[in-house]
Amino acid sequence: MVHAIQLHEAGGPEVLKWEAVEVGEPGPGQIRLRHDAIGVNFIDVYYRMGLYPPPNGYPLIPGAEAAGVVEAVGEGVTNVGPGDRIVYQVHVGAYSETRLLPAERAVKLPDGIDSRIAAAAFLKGLTVQCLVRRTFKVEKGQTILWHAAAGGVGSLATQWVSALGATVIGTVGDAAKAEIAKANGCAHVINYRSEDFVARVKEITNGEGVDCVYDSVGKDTFPASLDCLKPLGMFASFGQSSGLPEPFTLAMLQQKGSLFATRPSIMTYLAKRPDLEASAKELFEALGSGMVKVALNQEVALKDAAAAHRALEGRKTVGATVLIP
């Protein structure tokens with residue numbers, strides 16, 4: 001028997017329980033993986049809270065990304081073998097010491113990338129890659145607004161967008177996070193707790209607005225985010241750390257400048273194996289070249305996952321957090 005974090009009902013961090021579970025032999029198309037490090041993301045919180053329904057009911061083992069070593073493979077698996085270091089992203093199931101995983105979701109790790117960095121960066125990095133290269137293709141000379149610029153995704157994104165030659169305006173919640181955002185490539189940083197971010201964006205852009213707003217905050221920043229866009233701009237909502245945004249009518253987009261709005265999901269973007277491999281390749285190149293650096297600032301024992309959730313929800317984290325089995 002191995003141990004995992006399970007929940008038997010939706011709720012606060014207290015529903016995360018450290019329990020013994022049984023992991024069998026891999027079936028056809030599966031691998032058995034021993035985790036070295038597990039990423040912590042807001043999608044884990046959404047599943048815990050019941051905002052996203054559990055795919056197979058309760059009990060549920062949360063966790064969307066991890067890195068580790070393949071222990072065994074099932075019939076028909078050819079892309080990885082025992083002893084290979086791999087990383088993956090899925091919906092749930094990563095908060096465990098060992099697990100079974102569909103082999104098609106496993107991506108081999110390059111030798112130069114540490115498992116903890118991979119677990120901290122894979123889902124977040126793939127999210128950024130999809131957002132800035134596919135949802136809205138960032139180009140040199142554009143101006144981008146990124147909410148929560150010092151968070152796990154934001155820290156990677158602002159580096160990447162800056163490297164592409166765009167001007168990045170980042171929002172943060174305190175002075176310490178402002179310094180981090182600046183170090184990660186933000187040309188301008190707005191403390192949304194003490195400043196009107198719409199007014200500041202208009203001031204920074206001489207009244208023009210930005211080409212795209214990337215928003216993982218949700219309720220607290222909407223619909224104000226739309227007022228930061230120039231005509232024909234894109235609003236990309238990819239999370240709701242402060243709660244779900246209020247519903248809006250399509251007419252609002254027309255009234256505010258014929259805007260575009262989208263709610264992308266990495267699971268849709270990377271559902272096909274070729275797309276997963278292409279995005280992972282670009283992410284590994286960004287990490288390997290040093291274009292994007294991972295701020296792994298919190299390492300928490302897997303059994304203490306509830307503490308990691310409290311810190312994440314309380315916006316007390318900077319950069320990425322990983323759980324160590």
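A cavity here is a set of points on a 1 Å grid over the protein atoms alone where a 1.4 Å probe fits but cannot get out, whereas a pocket is an open set with protein on both sides within 12 Å along at least five of seven lines; lining residues have an atom within 4 Å of a point. Volumes are the space filled by probe spheres set on the points, with grid points joined across faces, edges and corners.

The model is predicted, and local features need pLDDT of at least 70, side-chain atom pairs count only at pLDDT 80 or more, and totals for chains, interfaces and linings use all residues. Residues are numbered from 1 along each chain as its sequence is written, and side-chain values use heavy atoms, with hydrogens and water left out.

**View 1. The largest cavity, with a volume of about 40 Å³.** The structure holds 1 cavity of 30 Å³ or more. Its lining is made by Ala120, Lys124, Gly152, Ser155, Leu156, Lys293, Val294, Ala295, Gly319 and Ala320. Helix 2 (115-135) and helix 3 (152-163) each bring at least two residues to this lining, and helix 3 gives the most, with 3 residues. Helices (H or I, at least four residues) and strands (E, at least two) are DSSP runs, numbered from the N terminus. Sorted by class, the cavity lining has 5 nonpolar, 3 polar and 2 charged residues. In this sorting, Ala, Val, Leu, Ile, Met, Phe, Trp, Tyr, Cys and Pro count as nonpolar, Asp, Glu, Lys and Arg as charged, and the others, Gly among them, as polar.

**View 2. Helix 2 packed on helix 3.** Stay with these two helices for a moment: they pack at an angle of about 45°, with their axes 9 Å apart. That makes helix 2 oblique to helix 3. Angles under 35 degrees count as roughly parallel, over 145 as roughly antiparallel, 65 to 115 as roughly perpendicular and the rest as oblique. The axes are lines fitted to C-alpha atoms, for helices over the stretch in contact, and angles run from 0 to 180 degrees between N-to-C directions. From helix 2, Ala121, Lys124, Gly125, Val128, Gln129, Val132 and Arg133 meet Gly152, Val153, Leu156, Ala157, Trp160 and Val161 of helix 3. Of these contact residues, 8 are nonpolar, 3 polar and 2 charged. Contact means heavy atoms within 4.5 Å.

**View 3. Helix 2 against helix 8 (residues 273-289).** Here the axes come within 9 Å and cross at roughly 105°. The two helices are therefore roughly perpendicular to each other. Helix 2 takes part through Ala121, Phe122, Gly125, Leu126, Gln129, Cys130, Arg133 and Arg134, and helix 8 through Asp275, Leu276, Ser279, Ala280, Glu282, Leu283, Phe284 and Leu287. The contact divides into 9 nonpolar, 3 polar and 4 charged residues.

**View 4. The largest pocket, holding about 990 Å³ of space.** Its lining counts 47 residues, and Phe42, Tyr46, Val153, Ser216 and Phe238 lie nearest its centre. Among the elements giving two or more residues to this lining are helix 1 (42-49), strand 9 (167-172) and strand 15 (320-324). Helix 2 turns up again, giving the most to the pocket lining, with 6 residues. The classes here are 24 nonpolar, 17 polar and 6 charged.

**View 5. Helix 1 meeting helix 9 (residues 305-313).** The axes of these helices come within 10 Å and cross at roughly 105°. Helix 1 and helix 9 are therefore roughly perpendicular to each other. Look for Phe42, Asp44, Val45, Arg48 and Met49 in helix 1, which meet His309, Leu312 and Glu313 in helix 9. This contact has 4 nonpolar, 1 polar and 3 charged residues.

**View 6. The second largest pocket, with a volume of about 220 Å³.** Of its 15 lining residues, Gln89, Val90, His91, Val92 and Arg105 lie nearest its centre. Strand 6 (98-102) and helix 7 each supply at least two lining residues, and strand 6 gives the most, with 3 residues. The lining divides into 9 nonpolar, 3 polar and 3 charged residues.

**View 7. Backbone details at Pro59, Pro223 and Leu232.** The peptide bond from Tyr58 to Pro59 is cis, with omega near 0°, and Pro59 is found in the loop between helix 1 and strand 4 (65-73). A cis peptide bond also runs from Phe222 to Pro223, with omega near 10°. Pro223 sits in the loop between strand 11 (210-215) and strand 12 (229-237). Leu232, in strand 12, has phi near 70°, a positive value in a residue other than glycine.
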